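This report considers a single protein model and reads its packing from the computed coordinates. Please keep the sequence and the structure in view while reading.

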Amino acid sequence: MTDSPEDLFEAAFAVREMAYVPYSHYGVGAALRAASGRIYSGCNVENAAYPVGTCAEAGAIAAMVAGGDRDLVEIAVVAEGGALVTPCGGCRQRIVEFGGPKAAVWAGDLRGRRRRITAEDLLPLAFGPKSMAPDTGEQEPD
Ligand code: THU
């Protein structure tokens, strides 16, 4: 297994400090590496209208797209809680959109736990851009 990407974890822990979480009190930080080598980060931003809140991963991916990158290589997600944080269902879909099935998703916490998961393990048989591509008769789902 690849060594855990401490530069991404460092960025994710730093941006987690900025999380706006007056409702859940559960701060999350995410930092991703794009194919260009650039790192983008984001934190969760909640709202009094609860469903309008956005996840840390969504913020990091939006920053990546705004920065001109489209290819997500790996992403680290950090929080503090009983079980290691893993991306919610919607964010799994967001990660697959830009990272494809092989993207590495790293989960971590402040006490040093680290876990690597692939996007396809988090979201098997994902619907994705390939699903809407022209039919070649040979395509398998991600
Ligand atoms: N949250 C994230 O930002 N990312 C995750 O991977 C899981 C959940 C946020 C959403 C909400 O602000 C808080 O954590 C509690 O669900």
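What follows describes a loop asparagine and then the nonpolar cores of this predicted model.

Asn 44 sits in the loop that runs between strand E2 (39–43) and helix H2 (56–66). Its relative accessible area is 7%, and because the limit for a buried residue is under 20%, Asn 44 counts as buried. Beyond residues up to four places away in sequence, Asn 44 touches several others, including Ala 19, Val 21, Gly 27, Val 28, Thr 54, Cys 55 and Ala 56. Tyr 20 and Tyr 26 are also among the residues touched by Asn 44, and the distances for these two partners are set out below.

The largest nonpolar core holds 23 residues, of which Leu 32, Met 64, Leu 72, Ile 75 and Ile 95 touch the most other members. At least two residues of this core come from each of strand E1 (29–34), H2, strand E3 (72–78), helix H3 (89–99) and helix H4 (119–122), with H2 giving the most, namely four residues. Once neighbours within four places in sequence are left aside, the contacts of Leu 32 include Met 64, Leu 72 and Ile 75, and among them are also Arg 38, Glu 74 and Leu 8. Another core, of nine residues, lies apart from the largest one, and its members include Leu 8, Phe 9, Ala 76 and Trp 106.

Terms used: Residues numbered from 1 in each chain as written. Predicted model: local features only at pLDDT ≥ 70, side-chain atom pairs only at ≥ 80, totals over all residues. Heavy atoms only, no water. Buried < 20%, exposed > 50% of the residue type's maximum accessible area, 1.4 Å probe, protein only. Contact = heavy atoms within 4.5 Å. Core = buried A, V, L, I, M, F, W, Y, C linked by side-chain atoms within 4.5 Å.
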